[in-house]
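Please keep the sequence and the model in view while reading.

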Amino acid sequence: MDLKKVLQENIDQISNIGNDPTGGMTRLLYSDSWLKAQKTVKENLEAIGMTASFDEIGNLFGRVEGTEHPEETILSGSHIDTVVNGGNLDGQFGVIAAYVAIQYLLETYGKPKRSLEVISMAEEEGSRFPTVFWGSKNFVGEAKKEDVIEISDFEGLKFVEEMQRHGFDFRDESKAARDDIKAFVEIHIEQGTVLEKENLQIGVVNNIAGQRRYTIVLKGEANHAGTTPMGYRKDAVYAFAKICSQAIDRALEVGDPLVLTFGKVEPKPNTVNVVPGEVLFTMDCRHTDSGELHAFTKEIEELMRKIAAEHGLEIDIDLWMDEAPVPMNEEIVTAIETAAIAENMKYKVMHSGAGHDSQVIAPHFPTAMIFVPSINGISHNPAEATDIDDLVNGVKVLASALYELAYK
């Protein structure tokens, strides 16, 4: 089997579904292009001898029964949806790599002792509707009907109507979640520059960083830019600038793996000749240790309140996301390390700063991830790319890990 040829052909095939006129890809949950992609993957799963089927909400599964322990399932895959005008690797590479790796194993070693299964999850990105991880949360039994029953997309189309239009519906929440999954291995592009900069071929992910996200509003007083003396101003931008500078300086002092981002800033009235009386801004902080994450963000909250008080401003701090770090399973991490060594790959054990379906699945089933390098760390962008040889290396390590888990 020519892994490079087969992998490239599959990437090209799936990438033609939902390709955007601007050069990227847009394949959103319960869109026509999304359904076409899932059906194409289903055909590909069946073509390599897997039994393929959808669950109620549109997650796709391909399965090969184990010869000795069919009740024990080794699972791999990722999500098939994209961001708006995204790249052609985020999500779908993990789906394609899973079935290409299993195709290689079936052709080389025959049927496994434990059942092998591919999952192409319905949605992860949250790019169409205001919900995320719809696929994996349904898979593990966490998704709730009330979370989506009233939501619509940016065009006003109802979530429920679009789901049903494509032949899907809510899962039966009275049914217990599966208990046969003995391992889940997800492969993904890094979406960062660590592997590329360190000239490594494989990242073995042992932790997904926790995230705390805030929306903060500073309220001062808008006033005339020419007639208001500097000492009399309640300048919200000036206070924000101090908060941003001092908080990032502090983050640099703490160092890796802590990261801190002020990503959105909206001054009001945002005009050239008025002292800005209000600033809305966001803060995103991530760390692999929950205690460190909470301690640092508490310190920055206190810093923001102190600076606001010094400038005579009101401050409102809204913590709207508080996701704990998710450690990966040590045994699965070891299996991936063993696979990387067996395939003579240069690798490192590392954490993921981005969120993935694995963080939803890991609390329920033994889980770990494999990263391959991203060129210039670019993702969620038409320029997203990874050298085909690096993608092949990832499939080799994935296949080797699945062999350890399903054939021995």
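Predicted model: local features only at pLDDT ≥ 70, side-chain atom pairs only at ≥ 80, totals over all residues.

Contact here means that heavy atoms lie within 4.5 Å of each other.

**The annotated set**
- An unreviewed UniProt entry lists D90, E125 and H380 under "binding site".
- These residues span 291 residues in sequence, yet no two of their C-alpha atoms are more than 10.0 Å apart, so they gather at one spot.
- D90, E125 and H380 also belong to the lining of the largest pocket.

**D90**
- D90 sits in the loop that runs between β3 (69-79) and α3 (92-109), and it is buried because its relative accessible area of 7% falls under the 20% cut-off.
- When neighbours within four places in sequence are left aside, the contacts of D90 include both E125 and H380, and among the others are H79, D81, H188, I189 and S379.
- Q191 is also one of the contacts of D90, and the side chains of D90 and Q191 make a polar contact at 3.3 Å.

**E125**
- E125 is placed in the loop between β4 (114-121) and α4 (134-139), where it counts as buried because its relative accessibility is 14% and the limit for that class is under 20%.
- Apart from neighbours within four places in sequence, E125 is in contact with D90 and H380, as well as with H79, D81, T82, V83 and V132.

**H380**
- H380 belongs to the loop between β16 (367-372) and α11 (388-406), and with a relative accessibility of 39% it counts as partly exposed.
- The backbone of H380 has a positive phi of about 55°, although this residue is not a glycine.

**Other backbone features**
- F133, which is likewise not a glycine, has a positive phi of about 60°; F133 lies in the loop between β4 and α4 and is buried, at 11% relative accessibility.
- The peptide bond leading from D256 to P257 is cis, with omega near 5°, and P257 is found in the loop between α7 (236-254) and β9 (259-261).
- K268 and P269 are joined by a cis peptide bond with omega of about 5°, and P269 is located in the loop between β10 (265-268) and β11 (274-275).

Terms used. Residues numbered from 1 in each chain as written. Heavy atoms only, no water. UniProt positions renumbered as here; feature names shortened; annotations may be inferred. 1 Å grid on protein atoms, 1.4 Å probe; cavity = no way out; pocket = protein on both sides within 12 Å on 5 of 7 lines; lining within 4 Å. Helix = DSSP H or I, 4+ residues; strand = E, 2+ residues; numbered from the N terminus. Buried < 20%, exposed > 50% of the residue type's maximum accessible area, 1.4 Å probe, protein only. Polar contact = N/O pair within 3.5 Å; in protein donor to acceptor, adjacent residues only side chain to side chain.
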